[in-house]
Amino acid sequence: MSTEIVQKVLAGDVRATARLLRWIDDGRGEARRLLKVLYPRTGRARIIGITGNPGAGKSTLTDHLIRYFRSRDLRVAVVAIDPTSPFSGGAILGDRIRMQEHATDDGVFIRSFATRGHLGGLTSTTSDVVHALDAGGWQVILVETVGVGQDEVDVQRLAQTTVVVMAPGMGDEIQAIKAGVLEIADIFVVNKADREGADRTVRELQMMLDLEKVTQAELAHHGPVQSLLAAAEQRVSPAGWVPPVLKTTAVRGEGLDELCRALDDHHQVFLDACRDPQFVQARLRQQFLDVFRRTLVARGWSYLVHEDHLKQIVDRLQRGEADPYTLAEEAVKAVGGP
Ligand SMILES: Nc1nc2c(ncn2[C@@H]2O[C@H](COP(=O)(O)OP(=O)(O)O)[C@@H](O)[C@H]2O)c(=O)[nH]1
Ligand SMILES: [Mg+2]
């Protein structure tokens, strides 16, 4: 049964792919088994992240990008992680009608997922979704996320190129620093250039980018675990790329040529960087740490809910028999696993 779905996913079968993505999203063990089989077929897709606050214009831009890549005859998949996305039916009618243009094109695959927040640290499975699509031969994968949560930042680390979309007068600028989006952006887009304040937002961004360079240079000295965590947090991106700040008016298709050119330029820089084995190793290490962290947390959590383990621990705490540090270490030892 599972070999059949694997074959279908590899052949780009839309229904089988949709089923696998649902399994991934539901966190079914079966999905992980299939991902293991699919993994050797990954690594071919061009993965582009598009992140920014709700309403910034991500989906409108994505719509143009789909058309751009389709005009080059590439198979395009869109993964939207955004409860307000038109793909999930949460937006105004006009957007949804516009998206239907792609519904009849079998070279386009669009799926949306709701953000789930940080349920017990079980972070998003979006990278698994991307891997499945990559194995299925989708040549361009556009991942639209709302760039505020850790989940989203995690996803964008997987992307080869990340576009951060902002709109003037939305308070995006402050948000940007908070969510660390400056660090993940390869290209900044100030959309809604038809609105007042676009030039000011561009200027402010440019100033913040200059500041960022300074703070990065003075990153502190850490112990080995902190260094590992810091490395896991940091996005691996090609050295020497200076993120451009572009202006677009997505509703009118203005500035899109420049955006597409910047995407292609960055893609080339990324491909060049991949000729350096150390760069590839850094990316692989990061991908592993992501899977490792999720495996660890999932194992730990299922141990706690299994056979009332958590209750037993809390009972012992309540009776004053042990401290939480010792109990946590004992629990970790017990988790072990095959
Ligand atoms: N004025 C103006 N509105 C835009 C522009 N781009 C998108 N919008 C509108 O802004 C709203 C949100 O766009 P959407 O693409 O759904 O944003 P998302 O939430 O970031 O995906 C929609 O009503 C769009 O039509 C633009 O360049 N100028
Ligand atoms: Mg959207």
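This is a predicted model: local features need pLDDT of at least 70, side-chain atom pairs count only at pLDDT 80 or more; totals for chains, interfaces and linings use all residues.
**Entry 1**

I first looked up which residues come nearest to ligand 1. There are 18 residues around this ligand, and G55, K58, S59, T60 and D194 come nearest. I then sorted the shell by class and found 5 nonpolar, 7 polar and 6 charged residues. Next I asked which helix gives the most to the shell around ligand 1. The answer is helix 4, spanning residues 58–71, with 3 residues.

**Entry 2: polar atoms facing ligand 1**

I looked up distances from oxygen atoms of ligand 1 to polar side-chain atoms of the protein. For T60, a polar side-chain atom lies 2.5 Å from an oxygen atom of the ligand. For K192, an N or O atom of the side chain is 3.2 Å from a ligand oxygen. For E144, the corresponding distance between a side-chain N or O atom and an oxygen of ligand 1 is 3.3 Å.

**Entry 3: the magnesium ion**

Which protein atoms are donors of the magnesium ion, ligand 2? I found S59, through OG, and E144, through OE, at 2.1 to 2.2 Å from the ion. I then placed both residues: S59 lies in helix 4 and E144 in strand 4 (residues 140–146), so the pair ties together parts that are 85 residues apart in sequence. Are these two residues buried or exposed? Both S59 and E144 are buried, which means that each has under 20% relative accessible area.

**Entry 4: the largest nonpolar core**

I turned to the largest nonpolar core, which has 31 residues. Those with the most contacts inside it are L20, L21, I24, V79, L133 and I141. I noted the elements that give two or more residues to this core; among them are helix 1 (2–10), helix 3 (29–38), strand 2 (76–81) and strand 3 (108–113). Helix 2 (14–25), helix 6 (126–135) and strand 4 are also in that list. Helix 2 gives the most, with 6 residues.

**Entry 5: helix 6**

Finally, I examined how covered helix 6 is. I recorded that 10 of its 10 residues are buried. Those buried include the charged-class residue D128 as well as T126, S127 and H131. After helix 6 comes G137, and I noted that its phi is positive, near 80°.

Note on methods. Residues are numbered from 1 along each chain as its sequence is written. Chains are lettered from A and ligands numbered from 1 in the order in which they are written. Side-chain values use heavy atoms; hydrogens and water are left out. A residue is near a molecule or strand if one of its heavy atoms lies within 4 Å of it. A polar contact is a pair of N or O atoms within 3.5 Å; within protein, one must be able to donate a hydrogen and the other to accept it, and residues adjacent in sequence count only if both atoms are side-chain atoms. Helices (H or I, at least four residues) and strands (E, at least two) are DSSP runs, numbered from the N terminus. Donors are N, O and S atoms within 2.8 Å of the metal (3.2 Å for Na, K and Ca); water is not among the atoms, so sites may look incomplete. Buried means under 20% relative accessible area, exposed over 50%, partly exposed in between (1.4 Å probe, protein chains only). A nonpolar core is a set of buried Ala, Val, Leu, Ile, Met, Phe, Trp, Tyr and Cys residues joined through side-chain atoms within 4.5 Å.
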